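This briefing goes through one structure by topic.

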Amino acid sequence: MAARLTAESFMADVIVQVSPAWAVLAPPGLLLFALAGAGLNSALTARSAGRPFLSGASAPLAQVARLLRQRRQVTVAADVLLWRVGTGGLVVVALLKILVIPLGSWTLADLDAGVVWFNTMDVMIWALFWLIGWGANSAHALVGGYRFLSLAVAYELPLMFALTAPAVAARSLRVGDVVAAQQDLWFVIWMPIAFIVFCGSVIGFSSWGPFSAAVGRDIAGGLLTDVSGIDRLLILTGRYAVLTAGAAFAVPLFLGGGAGPLLPAWLWTIVKTALVLAALIAIRHRLPTIRPDRFAEVAWIVVLPVTLLQVLIVAMMAKGS
Amino acid sequence: MGVTAQVARLAATATHVLIVEVPGWGETRMLLEAELDRRGWTSALSPADADLLAICGIPGEELGAVCDRVWDQLPGPRTRVNLTASARIPALLDAAVADLVDDARQRHDAASRSRSSVPEDSPPDAVGHDEHGAHEAAPADADLEDSGADEAGMDHEGMDHEGMDHEGMGHGGMDHEGMGHEGMGHEGMEMLVHGIPLAGGGDDRDGLEMDVLTVPLGPVLSHWPAGLVVECVLQGDVIVSADVRILAAASAPTELKTPMADAPRRRLIRLCDQAVQLLALAGWGSAARSACQLRDAAAGGVVIADQAGALDRLRRRVERSVALRWSLKGLTVDVASGGTDALAMSGNEPSGDIRLRLIEWLREATDLADTGQFRVQPLTDAQAAQESQNRLAALPELLRGTDLATARLLVAGLGLDTAVVASYEVSPRHAGHGDEPHGRASHGGEADGGVVHG
């Protein structure tokens with residue numbers, strides 16, 4: 001910590017851990033982002049269907065009302081306990097993820113290994129999606145679960161190394177240190193590949209857009225085939241929430257945290273998060289779904305080596321400086 | 001109460017509709033989809049996601065029974081409509097909304113469903129028994145196995161509502177036990193869990209032992225040919241073997257639904273619809289929506305010549321997409337060699353690679369829009385039926401050894417018209433005369449040379 005408090009970095013980038021009481025603001029904040037993301041998504045859908053852009057924006061509220069009103073249903077011989085763990089878990093994991101993300105200079109948990117914490121949480125998503133697929137005891141949901149796992153095997157290692165790059169450059173796994181290390185130059189500039197791989201993986205662990213084969217139309221909704229009512233609402237909210245958490249983590253990791261002119265640091269964090277989230281959501285409307293079996297090949301033969309190369313370059317530059 | 005009603009109203013603005021298309025009623029389905037689009041509603045992918053069950057057409061006995069079973073799987077609040085006359089679609093949907101937001105009525109529905117867990121009263125029971133009886137005489141009982149569990153095609157186990165588990169168990173259990181005791185079967189020794197036989201084991205394509213499941217695909221499945229049922233034996237998501245049949249309509253549709261629907265326009269609508277299904281299955285929502293808008297505009301009666309530009313742009317977009325090329329790489333439907341006849345070759349349909357087929361569909365649609373007439377003489381009704389019949393016959397072989405994603409894309413890539421086959425089966429060697437083939441051609445969309453006036 002002493003090294004951090006040297007002259008060039010004493011300004012706004014000292015990350016302070018705030019009282020845990022502030023954690024009560026985390027869920028509403030996250031849910032607001034998730035709702036805004038869902039609004040943008042349905043607005044884009046409405047526009048491409050030829051309806052007014054804004055008519056779609058309120059659709060998520062109608063969806064929430066619909067799902068709250070709908071009866072929850074269980075399939076025959078469902079593994080109800082594990083199923084519920086999966087459906088409810090996504091929102092929880094998203095919340096645990098944002099604990100280590102600093103809002104400007106305030107953070108809820110200034111962990112020594114914040115980057116690893118984030119990585120741990122996204123590995124938990126493997127289990128959650130698998131449980132959702134398993135619990136329903138139905139073929140399409142199970143296929144969805146398999147699909148998610150095969151996708152996860154493809155994106156997880158590149159993601160780990162993409163997370164490693166900023167940590168190597170900052171010589172610390174503490175998120176605050178990573179932010180401080182970007183005082184002069186945002187990491188997105190000199191490690192663009194790590195940034196792109198990270199964003200792709202966020203889309204992957206949210207089962208979103210090009211990586212949404214696990215909830216594909218060809219398997220009648222896959223993981224979502226048999227869920228209804230509150231369970232469905234939790235899963236859909238959870239997907240937007242982990243997408244938001246991923247977008248928010250890109251900010252301290254690659255986009256300089258709260259750094260920026262005029263606006264206060266906390267507001268910059270929010271603005272940057274919103275922009276990354278909007279970009280991730282817009283991607284869905286541009287690309288077809290990529291089949292996990294096809295993607296695995298590219299992930300292992302191209303993406304992983306390229307990411308490793310990125311880490312190597314970062315390590316050499318960090319050593320040199 | 002005011003708040004509840006408002007929530008219900010709000011919820012109804014995002015109604016999800018599960019569409020069941022009866023073979024021959026494709027145009028009704030498309031008109032319904034266009035209406036959903038106008039309202040900002042969504043078509044549901046599974047019964048669990050649906051508020052409204054919309055049956056397009058008059059289903060035959062077996063398909064009707066499937067609809068009833070699917071109806072049981074809607075979580076509720078729920079309502080159902082039967083759409084047979086296109087002009088009434090908006091009115092029927094409005095009535096459905098009124099039904100959905102009517103709390104008293106929905107409560108009553110929910111209560112009556114909970115009560116039906118008592119074994120003695122239950123219409124589904126009767127359906128189950130009927131089917132059972134009907135099949136008893138039949139020597140081939142492969143499909144009987146699933147009629148006990150679930151024919152809906154969404155999941156093999158059948159589904160139940162909280163508090164209704166006993167009924168579900170009873171059903172499955174009874175049916176399967178019945179089979180065993182009557183000595184029809186093949187599974188007297190199988191263990192049942194909640195009335196569902198445990199998955200058996202078997203060697204997969206790599207020689208490893210893996211669970212074997214029997215899963216019917218269809219007939220209630222989105223982006224799937226109407227009435228088609230493919231009974232798949234699955235290991236993981238790989239189809240080990242498949243059996244194909246079609247659940248027919250009760251009667252051929254008599255109403256000519258699309259105004260001004262000349263043969264080129266019908267062909268164009270059908271081509272766009274095929275593109276919609278394939279693009280949607282490939283997970284490219286925005287391109288599918290574009291194709292859908294073009295389809296609906298053509299069905300709505302715009303001057304098709306105006307659409308040539310947009311169709312051409314869509315084709316170029318599809319052609320350029322690297323991701324689509326990648327996802328569809330190596331998927332071919334070798335229709336020509338699968339069928340034994342030369343008809344598949346003589347038609348204007350390309351064979352082979354499904355991405356090229358998709359592009360060719362869009363190219364042909366552009367051409368039709370541009371010139372307003374066929375470049376190649378279209379197949380006659382009987383030829384179209386024969387061609388579809390051949391493709392259907394080749395389907396089990398085509399699907400064997402593919403995974404579900406591939407299988408769905410291949411079926412969509414075939415562009416099967418089940419309407420002509422279904423009616424063909426009812427009256428084999430029907431060479432196309434009188435009213436019936438006329439109606440068929442107009443709904444199946446495979447244009448009939450005899451009807452063309454251009």
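**Antiparallel sheet of chain B**

In this predicted model, Pro216(B) has Glu231(B) of E10(B) standing opposite. The two strands concerned, E9(B) and E10(B) (residues 228–235), pair in the antiparallel sense over 5 bridges.

- The sheet is open and has 4 strands of chain B, in the order E8-E9-E10-E11, with antiparallel pairing.
- Strand E8 (200–203) and strand E11 (238–246) of chain B each have a single partner strand and stand at the edges, so one side of each lacks a neighbour in the sheet.
- On average, and with direction ignored, neighbouring strands of this sheet are turned by 30° against each other.

- Another open sheet of 4 strands in chain B has the order E2-E1-E3-E4, and its pairing is parallel.
- At its edges are strand E2 (42–43) and strand E4 (79–83) of chain B; each has a single partner strand, so one side of each is left without a neighbour in the sheet.
- Strand E3 (residues 52–56) of chain B runs parallel to E4(B), and 5 bridges join them.
- Ile55(B) has Asn82(B) in E4(B) as its bridge partner.
- H4(B) packs on this sheet, where it touches E3 and E4 of chain B, and its direction makes about 170° with that of E4(B).
- Helix H3 (residues 61–73) of chain B lies across strand E1 (16–21), E3 and E4 of chain B, and runs at about 165° to E3(B).

**Packing of H1(B) with H4(B)**

- Helix H1 (residues 2–12) and helix H4 (residues 89–101), both of chain B, pack at an angle of about 145°, and their axes are 9 Å apart.
- The crossing of H1(B) with H4(B) is right-handed.
- On the H1(B) side the contact is made by Ala8(B), Arg9(B) and Ala12(B), which meet Val97(B), Leu100(B) and Val101(B) in H4(B).
- By class, the residues of this contact are 5 nonpolar, no polar and 1 charged.

**Contact between the chains**

- Chain B has 54 residues in contact with 48 residues of chain A.
- Elements that each supply at least two residues to the side of chain B that touches chain A include H1, strand E9 (209–217), helix H9 (263–281) and helix H10 (285–299) of chain B.
- That side of chain B divides into 27 nonpolar, 17 polar and 10 charged residues.

**Nonpolar core**

- The largest nonpolar core has 212 residues, and those with the most contacts inside it are Phe198(A), Ala54(B), Cys272(B), Ala275(B), Leu279(B) and Ala291(B).
- Helix H6 (residues 139–170) of chain A gives the largest share of this core, 18 residues.
- Residues up to four places away in sequence not counted, Ala275(B) touches Ala291(B), Leu358(B), Trp361(B) and Leu362(B).

- Thr269(A) has its place in helix H11 (residues 265–284) of chain A.
- Is Thr269(A) buried or exposed? Thr269(A) is buried, because 27 other C-beta atoms lie within 10 Å and a residue counts as buried at 20 or more.
- Its contacts, neighbours within four places in sequence left aside, are Leu103(A), Gly104(A), Val251(A), Gly257(A) and Gly258(A).
- Leu103(A) is 166 residues from Thr269(A) along the chain, yet their C-alpha atoms are separated by 5.9 Å.

Methods. Residues numbered from 1 in each chain as written. Chains lettered and ligands numbered in written order. Predicted model: local features only at pLDDT ≥ 70, side-chain atom pairs only at ≥ 80, totals over all residues. Axes fitted to C-alpha atoms, helices over the stretch in contact; angles between N-to-C directions. Left-handed = near helix turned anticlockwise from the far one by under 90°. Contact = placed C-beta atoms within 7 Å. Nonpolar A, V, L, I, M, F, W, Y, C, P; charged D, E, K, R; others polar. Pairing = 2+ DSSP bridges. Buried ≥ 20, exposed ≤ 12 C-beta atoms within 10 Å, placed from the backbone. Core = buried A, V, L, I, M, F, W, Y, C linked by C-beta atoms within 7 Å.
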